[in-house]
Amino acid sequence: MPTKTLAELAKTIRSKNAGTDRITFDVIFHTREDYEHVKNSGVLTRETVAALFKVDDERIVDFVNFDPAHAIKFTFARPQPSGSPGEGDIFGCQQYPPLLDIVVPVD
């Protein structure tokens, strides 16, 4: 069965601060068809994201399939607020590469 990576199907994969204690990831797709395909495939879910980033499910405080923007968005609770003394943020803005290699079966 042919496959594509999430990086091939998504127009944008980014992370951004969602306050001092959270970080949000956006996966925005080129087309509605690509978005619907990934959304319905089960390869990008709260559980798969938790496994990918090696965190407990409860650290993912929000997981949304946002149909109007053809986007899947999820938010992590940070272990401690950004900028705290000794803070070692493992979800900083350069930590989205694991998403790039997710393999999606295509027709």
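Lys54 sits out in the open: it is exposed, with a relative accessible area of 74% (exposed means over 50%, buried under 20% and partly exposed in between, using a 1.4 Å probe and protein chains only). This is a predicted model, in which local features need pLDDT of at least 70 and side-chain atom pairs count only at pLDDT 80 or more, while totals for chains, interfaces and linings use all residues. Residues are numbered from 1 along each chain as its sequence is written, and side-chain values use heavy atoms, with hydrogens and water left out.

Lys54 belongs to the loop between helix 3 and strand 4 (helices, H or I with at least four residues, and strands, E with at least two, are DSSP runs numbered from the N terminus). Although not a glycine, Lys54 has a positive phi of about 55 degrees. Most residues other than glycine have a negative phi. His70, in the loop between strand 4 and strand 5, also has a positive phi, near 55 degrees. His70 counts as partly exposed, at 21% relative accessibility.

As for the sheet, four strands make it up; it is open, with the order 2-3-5-4 and antiparallel pairing (two strands pair if DSSP finds at least two bridges between them). Strand 2 (10-17) and strand 4 (60-66) are the edge strands, each pairing on one side only. Strand 4 and strand 5 (residues 71-77) are joined in the antiparallel sense over six bridges, and Phe66 has Ala71 in strand 5 as its bridge partner.

Two helices go with these strands. Helix 2 (residues 32-41) lies across strand 3 (22-29), strand 4 and strand 5, at about 50 degrees to strand 5 (axes are lines fitted to C-alpha atoms, for helices over the stretch in contact, with angles from 0 to 180 degrees between N-to-C directions). Helix 3 (residues 46-53) packs on the sheet and touches strand 3, strand 4 and strand 5, contact meaning heavy atoms within 4.5 Å. The direction of helix 3 makes about 130 degrees with that of strand 4.

Then there are the rings, with a count of seven aromatic pairs (rings of Phe, Tyr and Trp, the last by its six-membered ring, pair if their centres lie within 6.5 Å; planes under 30 degrees apart are stacked, over 60 edge-to-face and the rest tilted). Phe25 and Phe53 have ring centres 5.3 Å apart and planes at 45 degrees, so this pair is tilted. It links Phe25 in strand 3 with Phe53 in helix 3, 28 residues apart, and both are buried. Phe74 and Phe76 form an edge-to-face pair, 5.9 Å centre to centre with 85 degrees between the planes. Phe74 is buried at 0% relative accessible area, and Phe76 is buried at 0% too. Ring pairs link Phe25, Phe53, Phe63, Phe74 and Phe76 into a cluster.
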